[in-house]
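Visitor: I would like to go through the local geometry and packing of this protein, one point at a time.

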Amino acid sequence: MSQPTGQDPMIKVSVVVPVYNAGRYLEECATSLLAQSLSSDEYEIIFVDDGSTDDSPAAVDKLAAEYPHVRVHHQANSGWPGKPRNVGVAMARGAYVQFVDQDDQLGPEALERMYAMGSRNGSDIVLGKVGGTMGGPSSMFRENVERCTIADTALIESVSPHKMFRRAFLLDHDIRFPEGKRRLEDQLFMVQAYLEARTVSIVGDYVCYYWNRRDDGKNSSGTASTMRGYYNNLREVLDAIEAGTEPGELRNRLMRRFFRVEMMRRLGEPRLLRYSDGYRNLGYRVVRELAVERFSSGGAGFATGDVVAGLSPMMRLRAMLLERERLDGLMELARRCGQVRAACTVDDVRWEGARLCLDLRTSLVHADGSPVVVLGNDGGYALDPTLAAGLPTIDAWDVGDPCEHAKAEIRVRHRDTGTWWFAPATLRPSLVPVGSGPEARFRVVVAGTASIDPHTLAGGAPCEPGRYDVVVSLQVLGLGRPARVIIEAGQRWSDVLIPGVVGDPARIVVPQRAVPNGALIVDVDERQPSLAPALAARGVGPLDVRDGDLHVALPMHTAKFTGTRDVEVVLGREGSSRALPARLQPPHLASLVFDNVTTLPSGRHPLSVRVDSSGRQPPVRIGTVVVEQGRIVDVLSTSYRTIPHRAAARVVGSPWLQRQARRAIAVMPASEKTRDLARRLGAAASRKLQ
């Protein structure tokens, strides 16, 4: 591995940041770069000011004066990030170069983790998991990948330049960004880099790069350019693919990505229907012009060429309408497809060891809830007439094998950070008959089991504490739709959605059904007060005294090899409470263990638990202790008689629930029972129950 001129063997990574009128975003970016876990002598930060006219030049100069590992270069405005990045690479002294945009941030351990993976594998490129407001869920970062290439992994789905590159690799292959005002300079750079790279690594268990949407709408990548200029630049990307590959499946697969994303996405829902007439017509013309020019083969049209033939049925249908010059058909298809959504049915929820397991089924449905189907005919399958019938020039549309492009994955989103993770799942598509009419009708159903384990959820690593939304992402026939995983109301589900304390170190996991829509939420390590009602509704106890300690059984699942979890017990009411160290202890039903002796007076006192070790979260009440002569002699569950009061308190504290309660009362027949309910709600409001 050659060492380029000017490389400092002590510097592991050079961070290159193009700067142009960054405004207040520069401070957030710089703060994240200066807070890296690498020591300051192991990396450098290079700000390349591209002729800024605001206070950015003074800001980066101040940083350079204050921090020895910050360097600055000022230059005349070049019009786009390409030249500043090239200048940064030339200035860099590190073994690796990490590109960061001025309005984005790095996770604190990003450089350390990415460099460690790159150096142990001799990687030419290291991809770090992307989060932030512009970084949606990507299965590219499902897990860590030590070694891969463009030939065996779908790297082409990630073509932003916010990655780490071995500097010698870039110099040896003369891989540079195109300079000047132009679009897709990052995609051309990434295509060239991927095709030359012998080893690529992926960090999937840690959010390395936070790609953020500016609230002023001026992200560097979002500056306007002409439509024709955009697609002229796309031609250069396609040229690079053809220059770097031989005819065959790899080339087709790479070309397929740009046909699908950069071209056909413009002609589908919801974009096509939102454009103005002029912009829509121009986009249609330039996309069709490029499709005819670059994707037709052997005298045949592009809609039946090798690239398009590998796409999903719906994408092939759009391509055929484009080839036949039917913009009206594309718009009608977009309207129909815009009404399609995913539906998910949960068949079972259960604990298996430390994993919360879900058995589920998901499929596509129309706006009225009827299934999206395929019709069996002469050994093949045709697209649902609701989508295809009456489209111009289309009598019926053969979808081939309906299950070929069908898949689903379970995504889990951290509510506080917005970070997406992927739950392990075995989900397989099948054809399920629909109805019993003269035509054979089938729906494509993707079904199986997914599991959520807090110790491995984050790409194989433990997940952060917090609340997680669970979403199924479905792809069928070329229509991709997300859907919340919904738990139906009813006692059956209340019985199986039990909290758990699992693993070592022990994590507290509370699955719960959201009100009012029934969406599944998984609360990890009690950052929200969800454990108390889950325990109180099932009842705590009985109590056992052993060796001077109280052992109170809790209705929580525990798994084999679960460790002990330190918590805090709070006895009594606020202002006169006593806090005691305690622990959650397996096996079987968890036991809450704490000291039997207390200074509380004889009588009944609230029993609460604080599981947040930071002390920031308030304790949550789970029952009542009975004290006699300085000792706890009994533990009582929260009385079910208090549940109406708790319900009233929730109504008082929730404007949405207040509206629903008023609507329910309004439609009830006038009776003493109705008036009594209204009086109770009013009394609850006046007392401000908690």
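The questions below move from the whole chain to single residues.

Visitor: How many helices and strands does the protein have?
Guide: This is a predicted model. The protein has 690 residues, of which 52% count as buried. Its secondary structure comes to 19 helices and 31 strands.

Visitor: What share of the contacts with a separation of 6 or more is between residues 24 or more positions apart?
Guide: Contact here means heavy atoms within 4.5 Å. Among the contacts in the protein with a separation of 6 or more, the share from residues 24 or more positions apart is 70%.

Visitor: What is omega at the cis bond that joins Gly 541 and Pro 542?
Guide: Pro 542 is placed in the loop between α16 (531-538) and β23 (543-546). The peptide bond joining Gly 541 and Pro 542 is cis, and omega is about 10°.

Visitor: Leu 477 has a positive phi; is Leu 477 buried or exposed?
Guide: Leu 477 is not a glycine, yet its phi is positive at about 60°. This residue lies in the loop between β18 (466-476) and β19 (479-484). Buried means under 20% relative accessible area. Leu 477 has a relative accessible area of 2%, so it counts as buried.

Visitor: And Phe 561, buried or exposed?
Guide: Phe 561 has a positive phi of about 70° and is not a glycine. Its place is the loop between β25 (557-558) and β26 (565-571). The cut-off for exposed is over 50%. The relative accessibility of Phe 561 is 67%, so it counts as exposed.

Visitor: Which residue takes a positive phi in the hairpin of β30 and β31?
Guide: β30 (residues 620-628) and β31 (residues 631-637) pair in the antiparallel sense over 6 bridges. Val 627 has Ile 632 in β31 as its bridge partner. The hairpin has 2 residues between the strands, and the one with a positive phi, near 50°, is Gln 629.

Visitor: How are α6 and α7 oriented to each other?
Guide: The axes of α6 (residues 185-196) and α7 (residues 227-244) come within 9 Å and cross at roughly 10°. Angles under 35 degrees count as roughly parallel. The orientation of α6 to α7 is therefore roughly parallel.

Visitor: How many nonpolar residues are in the contact of α6 with α7?
Guide: On the α6 side the contact holds Gln 187, Leu 188, Val 191, Gln 192 and Leu 195, which meet Glu 236, Val 237, Ala 240, Ile 241 and Gly 244 in α7. By class, 3 residues are polar and 1 is charged, and the nonpolar ones number 6.

Visitor: Which backbone oxygen does the side chain of Arg 507 reach?
Guide: Arg 507 is in strand β21 (residues 507-513). With a relative accessible area of 8%, Arg 507 is buried. Leaving aside neighbours within four places in sequence, its contacts include Pro 454, His 455, Pro 462, Glu 464, Asp 525 and Arg 565. At 2.8 Å, the side chain of Arg 507 reaches the backbone oxygen of Cys 463.

Key
Residues numbered from 1 in each chain as written. Predicted model: local features only at pLDDT ≥ 70, side-chain atom pairs only at ≥ 80, totals over all residues. Heavy atoms only, no water. Helix = DSSP H or I, 4+ residues; strand = E, 2+ residues; numbered from the N terminus. Buried < 20%, exposed > 50% of the residue type's maximum accessible area, 1.4 Å probe, protein only. Pairing = 2+ DSSP bridges. Axes fitted to C-alpha atoms, helices over the stretch in contact; angles between N-to-C directions. Parallel < 35°, antiparallel > 145°, perpendicular 65-115°, else oblique. Nonpolar A, V, L, I, M, F, W, Y, C, P; charged D, E, K, R; others polar. Polar contact = N/O pair within 3.5 Å; in protein donor to acceptor, adjacent residues only side chain to side chain.
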